[in-house]
Amino acid sequence: MKKNIILIIALILIIILLSVWIIHLQLTNPNWNKVNISIKDNTLTYTGATFIIENKNLIATDYLIDDYNIYKNDGNNWIQVPELATNRIDNLTPTFSEPKILYTYEEFLSWEDTYGELDSGTYRIDLIFNSQNKGIDTKVIIPVEFTLQ
């Protein structure tokens, strides 16, 4: 009888410890699948747009757009929009401290200096994030499609 009680208590403790470990992993390892990106209503133009980055992780993270590339759909394939011959001027504000985004933030991207004014059509912008988790640098690309009419 005592052995059964000890065994049951040991199993309960193991289950509690595993649950705590799983919760700890969820809180300390941001998951890129829980990041949604959309274009803010009425901000899309031929020269730029405001993007809403929504963090659905349980912890604050530092999801900042580091770079981007734009592609146009020709009906069958995505073809990268050529950059202008002039020097690329990024409108991405250099960040000296990493802000922590708990829920959402907005970032305006003006691609006019890099790509010029886009024509009508269906586009994809690949937003590039450089992430560091536990000392490992990772480059994450999240695509967002949009149509200019």
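This is a predicted model: local features need pLDDT of at least 70, side-chain atom pairs count only at pLDDT 80 or more; totals for chains, interfaces and linings use all residues.
**Exercise 1. The nonpolar patch**

Task: Find which residues form the nonpolar patch on the surface, and place Ile16 in the fold.

Solution: 
1. List the members. They are Met1, Ile5, Ile8, Ile9, Ile12, Leu13, Ile16 and Val20.
2. Take their area. Together they have about 810 Å² of accessible area.
3. Classify Ile16. Its relative accessibility is 45%.

**Exercise 2. The negative patch**

Task: Name the residues of the negative surface patch, and state where Glu112 lies.

Solution: 
1. Collect the acidic residues. The patch is made of Glu112, Asp113, Glu117 and Asp119.
2. Locate Glu112. It belongs to helix 2, residues 112-115.
3. Classify Glu112. At 39% relative accessibility, Glu112 is partly exposed.

**Exercise 3. Salt bridges**

Task: Count the salt bridges, then describe each pair and its burial.

Solution: 
1. Apply the distance rule. A side-chain nitrogen of Lys or Arg must lie within 4 Å of a carboxyl oxygen of Asp or Glu. The count is two.
2. Take the pair Glu106 and Lys40. Their side chains meet at 3.1 Å, N to O.
3. Glu106 is in strand 5 (residues 104-110). Lys40 is in the loop between strand 1 (35-39) and strand 2 (48-55). The two are 66 residues apart, and the pair links distant parts of the chain.
4. Glu106 has a relative accessible area of 45% and is partly exposed. Lys40, at 34%, is also partly exposed.
5. Take the pair Asp126 and Arg124. Their closest N and O atoms are 2.8 Å apart.
6. Check burial here. Both Asp126 and Arg124 are buried.

**Exercise 4. The surroundings of Asn69**

Task: Decide whether Asn69 is buried or exposed, and list its contacts beyond four places in sequence.

Solution: 
1. Asn69 lies in strand 3, residues 67-73.
2. Compare with the cut-off. Buried means under 20% relative accessible area. Asn69 has 18%, so it is buried.
3. List the contacts, leaving aside neighbours within four places in sequence. Asn69 touches Gln80, Tyr115, Arg124, Ile125, Asp126 and Ile128.
4. Link back to Exercise 3. Among these contacts are Arg124 and Asp126, which form a salt bridge with each other.

Methods: Residues are numbered from 1 along each chain as its sequence is written. Side-chain values use heavy atoms; hydrogens and water are left out. Patches are made of residues with over 30% relative accessible area and no salt bridge: like charges are joined within 9 Å, nonpolar side chains (Val, Leu, Ile, Met, Phe, Trp, Tyr) within 5 Å. Accessible areas come from the Shrake-Rupley method with a 1.4 Å probe; for residues, only the protein chains shown count as cover. Helices (H or I, at least four residues) and strands (E, at least two) are DSSP runs, numbered from the N terminus. Buried means under 20% relative accessible area, exposed over 50%, partly exposed in between (1.4 Å probe, protein chains only). Lys and Arg count as positive and Asp and Glu as negative; His and the chain ends are not counted. The place of a charge is taken as NZ of Lys, CZ of Arg, CG of Asp or CD of Glu. Contact means heavy atoms within 4.5 Å.
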